[in-house]
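I opened this entry to keep track of what I look up. The structure comes next, and my notes follow it.

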Amino acid sequence: MTIQFNEETFRDDYSFRNSDWAIKRFPFPFHEDSYMYSVNMEQHRGGPEGSVYEKRFDVDEHYVSEMRDRAIVLAEDPLRCQSLPHMTLAGWDTLELIMVSKSEDYPDLFELHRDGDRWRWINKPMGIDHTFTFLDETTLPCGPLEYITRQAQGDFAVLDQRNDMLYMDAGMITTQADWSLDFDIGMDFFEWHAPVPLAHEMGIFKRALKFLLNIQQGAPARRLNWTMTVNPLLDTSPENYHKWGVQKSTLTPENIGSKQHLRVELQTFYRLPRSNALLFPIRCYLIAFQDIVTIPKWGRRLHRVIRDLPEELATYKGFIDNRPKMLDYLSQYDDGLPTSPGVWPDLDTEPPLQK
Amino acid sequence: MSAAPQKAKAGAEKIEVEVSAIVPLNDLVTRFEFTRRDGQPFPPFSAGAHTVVEMNDDGRTRLNPYSLMSDPADPSKYAISVRRDDEGRGGSLFMHQKVKVGDPMTISYPVNLFPLDLRGRKHVFLAGGIGITPFMAMIAHLERMGGAWELHYACRSEALGTYADELTSRHPNKVHVYYDDKKQAIALEDLLDGQPLGTHVYVCGPQGMIQWVHKTAAAHGWPDENVHSEEFLAPQPGKPFEVRLCKSDITIQVGEHESLLEAIERCGVEAPFLCRGGACGQCETDVVEADGEFIHRDHWLDDDEHASGKKIMPCVSRFVGKTLVLDR
């Protein structure tokens, strides 16, 4: 399929839009009518055709605009991309993984021609045609991690593994749900997760770490996480909280359907072959409430999940103050009918809204 | 995403290979080289990684881990070097006696439990005997990346100094070989004494050597995290015993020459594993009930866990007694 890339912004006039195609393939994160933390991992080996799970690195209609937004963030704050000195090899691993995956999964958009260490990379949507020497940094305009992640949607944390622990030692983080690479750089797994409520007591992180340490080459994994964002902002960083935090107070009953977005992260985990580091891509998908409720099952379910979510989680995810407004809006789309299990829209089998 | 939680998969991903060369190196050690049957390049691997080789020995499946010792930058082949163990359970004898060039075999994707610490300013390798193998890949890697290293390699005799000549001639100033039969020994204390800050030490060899290095380094004030080791244990034979697997609802017998993990697999129960040598932790299993004595042999559980009787690593550990019930 040829993708039509949107001309759109994630700031100022917020012209970001999801097409019908993008709405139907949105990674809705709730498989039942309630939500609680779980490690919820599964293998990342494809998925239904056309879904965001199908390819190793999903490319969609927002690609070109997202990369433009990343460039703006980096121009204002170069510390959003960092790599400690021992992580350069992991950067090359990341570059190789993304180039090989994209050229195989999207041959009409990306090409990789390798002649020994002499590599030619063609990125048609971004108009790039570059020949370089693999493992020779002097042949790239910037480090390998920065080079390739300026051309790949989503954030990328690169975790060094040593002494049975993971360390946040490199990353490209410009589309984050309120955490900072510059703050977390060098931290271990428990340190950077310290702010998360409830999960520590539940033993979630101990189990998650054990799982992640054992992710093996050739067997990537994935999970979903979610939060809420007012306006389609990719960059909801602590560094810029003064710019976007205040926007949370602009919701009204009239604008909530278009302004309030569900923000879903498709998190994947790859063991990198040369460095033995763990690559943690965090791909952000945004959808406006008014688009979610066009899928009757999702409208019903989102209302129930938000209504019944424990207060600590609504606070941590930053929407406790707006929850009453969200529920007023979403309750219009919940007729009390049961929902089918699983995350898929089930448009052919789920009844339309009965009110 | 599916709603169902996922079971840990048993073992790493597999690669179908063909034996492309068998190179006897001395009386005890032979190198086996593999190419891929699908003609694709091998995945790159990180130095220190091992592969688990599947052997079909007259209908009995053996799975043994071996360090990858080929150059990680060469995707055309993987190589392992196998020391013949006449007293062992038969995996190395199978490799030495039954495997022929051209045979199809199955090996696992690389798994690394002994990686280089890439922060290291310098890497000091201490090898004993067949423990040289992971360092072959590490040396190739560091040579390519321009990293600082030195090797101290203890062997029984010149005749059994696997790769000693090759290493010495290639890297005369970095390789130091010590022969037992000439009463040469690694002067470990002196060696640790003169190292620059940021040096990491890696040891691979017999258990006694590993303990000696850890103890000596600790006594000289080295931080634990700068001293790395790898030792694969081979499961040891023992008295047969009976185990109840309560989730699978079957009772199985573990024979004298098979491990508990192998017995579980033989009975058709899928159990997670990776290294099969007591190091990786994947096969950790909860004990539901036990009346008897555990023979813990793994490096994974700590002393308290061993003493608790609540967990067992079925790849290398055994049990003697009346009743053992596992959550599997």
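**Sheet in chain A**

I began with strand 3 of chain A and strand 4 (residues 118-123) of chain A, which pair in the antiparallel sense over six bridges. Two strands count as paired if DSSP finds at least two bridges between them. Helices (H or I, at least four residues) and strands (E, at least two) are DSSP runs, numbered from the N terminus. Within this pair I found His113(A) opposite Arg120(A) in strand 4 of chain A.

I noted what I was reading: this is a predicted model, in which local features need pLDDT of at least 70, side-chain atom pairs count only at pLDDT 80 or more, and totals for chains, interfaces and linings use all residues. Residues are numbered from 1 along each chain as its sequence is written, and chains are lettered from A and ligands numbered from 1 in the order in which they are written.

Axes are lines fitted to C-alpha atoms, for helices over the stretch in contact, and angles run from 0 to 180 degrees between N-to-C directions.

Contact here means that the C-beta atoms of two residues, placed from the backbone, lie within 7 Å.

**Two helices in chain A**

At what angle do helix 11 and helix 13 of chain A pack? I read about 150° for helix 11 (residues 296-308) and helix 13 (residues 323-331) of chain A, with the axes 9 Å apart. That makes helix 11 of chain A roughly antiparallel to helix 13 of chain A (angles under 35 degrees count as roughly parallel, over 145 as roughly antiparallel, 65 to 115 as roughly perpendicular and the rest as oblique).

**Sheet and hairpin in chain B**

In chain B I found six strands in an open sheet, ordered 4-3-6-1-2-5, with antiparallel pairing. Strand 4 (60-67) and strand 5 (78-83) of chain B are the edges, each with a single partner strand, so one side of each is left without a neighbour in the sheet. Neighbouring strands of this sheet are turned by 40° against each other on average, direction ignored.

Elsewhere, five bridges join strand 12 (residues 241-245) of chain B to strand 13 (residues 250-254) of chain B, and the two run antiparallel. Val243(B) stands opposite Ile252(B) in strand 13 of chain B. Their hairpin has four residues between the strands, where Asp249(B) takes a positive phi near 60°.

**Chains together, and confidence**

The contact takes 22 residues from chain B and 22 residues from chain A. For the complex, the predictor gives an ipTM of 0.87 and a pTM of 0.89. Chain B averages a pLDDT of 92, and 97% of the residues score at least 70; pLDDT is the predictor's confidence in each residue, from 0 to 100.
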